[in-house]
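Biologist: Hi, I'd like to go through this model with you. Could you put it up on the screen?

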Amino acid sequence: MRTSQLLIPTLREDPGEAEVVSHRLMLRAGMIRKVAAGIYTYLPLGLRVIRKIEHIIREEMNRAGAQEVLLPILAPAELWKETGRWEYYGKELFRCHDRHERAFCLGPTHEEVITDLFRREVRSYRQLPLNCYQIQTKFRDEIRPRFGLMRGREFIMKDAYSFDVDEEHAKRSYQKMYEAYHTIFTRCGLRFRAVEADTGLIGGTMSHEFMVLADTGEETILYEETGPYAANVEQAAVPPPHACSDEPLQPIEKISTPQAKTVEDVCAYLKIPPTRLVKTLLYQLKTGDVVAVLLRGDHEANEIKIKRYFGAADLALADPKTVQSVSNAPVGFAGPVGLRNIRIVADQAVYAMRNFVVGANETDAHFINTNWDRDFTVEAFVDLRRAKSGDPSPRGGGRLREAKGIEVGHVFLLGTKYSQAMKATFLDQAGQESFAVMGCYGIGVGRTAAAAIEQNHDGKGIIWPVPLAPFHVHLLPVSRAEAVERTTRKLYHALQDAGVDVLWDDRDERAGVKFNDADLIGAPFQIIVGDKGLVKGTVDLKYRQTGQTRGLAPNDVVSSILHQLSPSQ
RNA sequence: CGGGGCGUAGCGCAGCCCGGUAGCGCGCCUGCUUUGGGAGCAGGAUGUCGGAGGUUCAAAUCCUCUCGCCCCGACCA
């Protein structure tokens, strides 16, 4: 295509609204424009990248035996009420009404709609397994949309749903998708890692996230240096302590700790390391109940684990007023000793501790030499803390290390959560009515494009991996000389005829402008046609990635480009 | 929802503290020259100063309310 016929409004300066690299470069390269917070228009260049990703996804989904459908964006509230998610999904759900005041939502995900389709159309085990996918715009009323396409309120997603006769077959479907995702992201030219993950609002029994590795990622992952285990930090299990303290028990003693409200204060005041202290976090569950969670001083709470333990839909640290009424002291002095009428649970690390320090439920006072069982009781010792770099792996594969990632894909084994709620059944081989066992599988298409930029850019702009590049070759005539014009035109048609995606910068711009825009837009190859080269009978092939340039006879350009495109295509 | 910040020409910003009727750079238009890394000269167009109220002889500037956007947090796939 020719630049003069495309809307590619590149920006010389950084837009003020964009912080992260991918957002900034997408705006500057003229790929997207914002319409409202978290809502974007895809301009031709941005759309081409989206289409490339979609194409790879379609090929691999089809290859994996999934079939493409298109579900509606607008869904009636009744379906969402059947699964309880009309309430449970909360403010995240975009809701609206038709002229008859009937309630609808804009689909943030499509389990309800697809399960409804299944129960209407599928009768027999003979029709299974079934795996339907779509590439569709989703709507989620994010608390805080940000980072351009990375977290929008409207975004393009590939979502797939599998239906199987039983758990075992469902696991096979899950495994197939897991493998397809590996192929998809590998084909996209991304460095990524699959990690074990929490199931969140979607629910289910097993889940993996596909994380593109980038320092700017919003997610923290933990992985074994040498082994295969990797998990989202939200999910990463901490193995129980292997050795307990064998110190003799000392008598408990209340001491004054004026103004010492934080772990840091108390440790400094008592001259002890935080590993000798047990902090007491008071959480308020959605039900209103307050519970106490005990953690070693240097450990951090993992609220997902705590939620799971209490079976709570939601929880938050208790506010200062509640803390005061429960612990008889301001925030910072709560402790398990003498706490009445409240559930107390301890992280397993506390099990290994003896003679530790806790808050005394009294302003400016702590207990030293406290011991569980003797001085207070807890209902259980369980894994409640956030795993961190340096922790032993729960699978025994050495120590864990931390990395940042961008979640671009997520696969869930759902089980029968939705099929039961919506009575999606089929007749099995024995003639028995049976609930379909489901899985669901998502890929953020726009987010994948953004992640690719986060991972592949330099100070001048984007460096597209070949499979995602909006154009393979950026053809840059550098003067208006007749010979330049003629050679450029010939190359343009030859490349097009060879099936190469080529962008011809036919604008009447100076060379410097074209070079800078080309570097910004990030096509992997630039062909520079100029008088200097032509007198020697060559044009220049420049590699965006390395900046290296080499002279090439015009007649050799097509074969050279084809040769370099084919290994990665 | 809490904290911070910003809305002035297409984009990036100054002006606001201390009120006097809007400016800079880039871009855009015209002409000439230029043409291998964001050209030079000359001329030109472009603003409900986010919106609404108020104070004042006078408001981009002060006050009140409101809307939008960005960042941090809570939260979230």
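Biologist: Thanks! How far apart do the C-alpha centres of domain 2 and domain 3 lie?

Modeller: They lie 67 Å apart. Before we go on, this is a predicted model, where local features need pLDDT of at least 70 and side-chain atom pairs count only at pLDDT 80 or more, while totals for chains, interfaces and linings use all residues. Residues are numbered from 1 along each chain as its sequence is written, chains are lettered from A and ligands numbered from 1 in the order in which they are written, and side-chain values use heavy atoms, with hydrogens and water left out.

Biologist: Good to know. Which residues does the domain assignment of chain A give to each domain?

Modeller: Domain 1 takes 51-71 + 108-237 + 401-454, domain 2 takes 253-382 and domain 3 takes 471-565. Those bounds come from an automatic or database domain assignment.

Biologist: Let's move to the RNA. Which residues come nearest to RNA strand B?

Modeller: Ile143, Arg151, Glu407, His410 and Asp519 come nearest, out of 43 residues around RNA strand B. A residue is near a molecule or strand if one of its heavy atoms lies within 4 Å of it.

Biologist: What is the make-up of that surface by class?

Modeller: There are 24 charged, eleven nonpolar and eight polar residues near RNA strand B. Here Ala, Val, Leu, Ile, Met, Phe, Trp, Tyr, Cys and Pro count as nonpolar, Asp, Glu, Lys and Arg as charged, and the others, Gly among them, as polar.

Biologist: And on the RNA side, what share of the atoms within 4 Å of the protein belongs to sugar or phosphate?

Modeller: That share is 49%, and the rest belong to bases.

Biologist: Which polar side-chain atom lies 3.4 Å from a base nitrogen of RNA strand B?

Modeller: One in Asp517 does.

Biologist: Which element gives the most to the surface near RNA strand B?

Modeller: H14 does, with seven residues. Helices (H or I, at least four residues) and strands (E, at least two) are DSSP runs, numbered from the N terminus. Helix H14 covers residues 511-521 and lies across E27, strand E29 (525-529) and strand E30 (539-543), with contact meaning heavy atoms within 4.5 Å.

Biologist: At what angle does H14 run to E27?

Modeller: About 175°. Axes are lines fitted to C-alpha atoms, for helices over the stretch in contact, and angles run from 0 to 180 degrees between N-to-C directions.

Biologist: What is the strand order in the open sheet of five strands?

Modeller: The order is E28-E27-E29-E30-E31, with mixed pairing. Strand E28 (502-504) and strand E31 (549-552) are the edge strands, and each pairs on one side only. Two strands pair if DSSP finds at least two bridges between them. Three bridges join strand E27 (residues 473-477) to E28 in parallel, and His474 stands opposite Leu503 in E28.

Biologist: Last topic, the backbone. Which peptide bond is cis?

Modeller: The one from Leu128 to Pro129, with omega near 0°. Pro129 is found in the loop between helix H5 (111-121) and strand E7 (130-139).

Biologist: And where is Gln259 found?

Modeller: Gln259 is in the loop between strand E13 (253-256) and helix H7 (263-270). Its phi is near 65°, a positive value in a residue other than glycine.

Key. A polar contact is a pair of N or O atoms within 3.5 Å; within protein, one must be able to donate a hydrogen and the other to accept it, and residues adjacent in sequence count only if both atoms are side-chain atoms.
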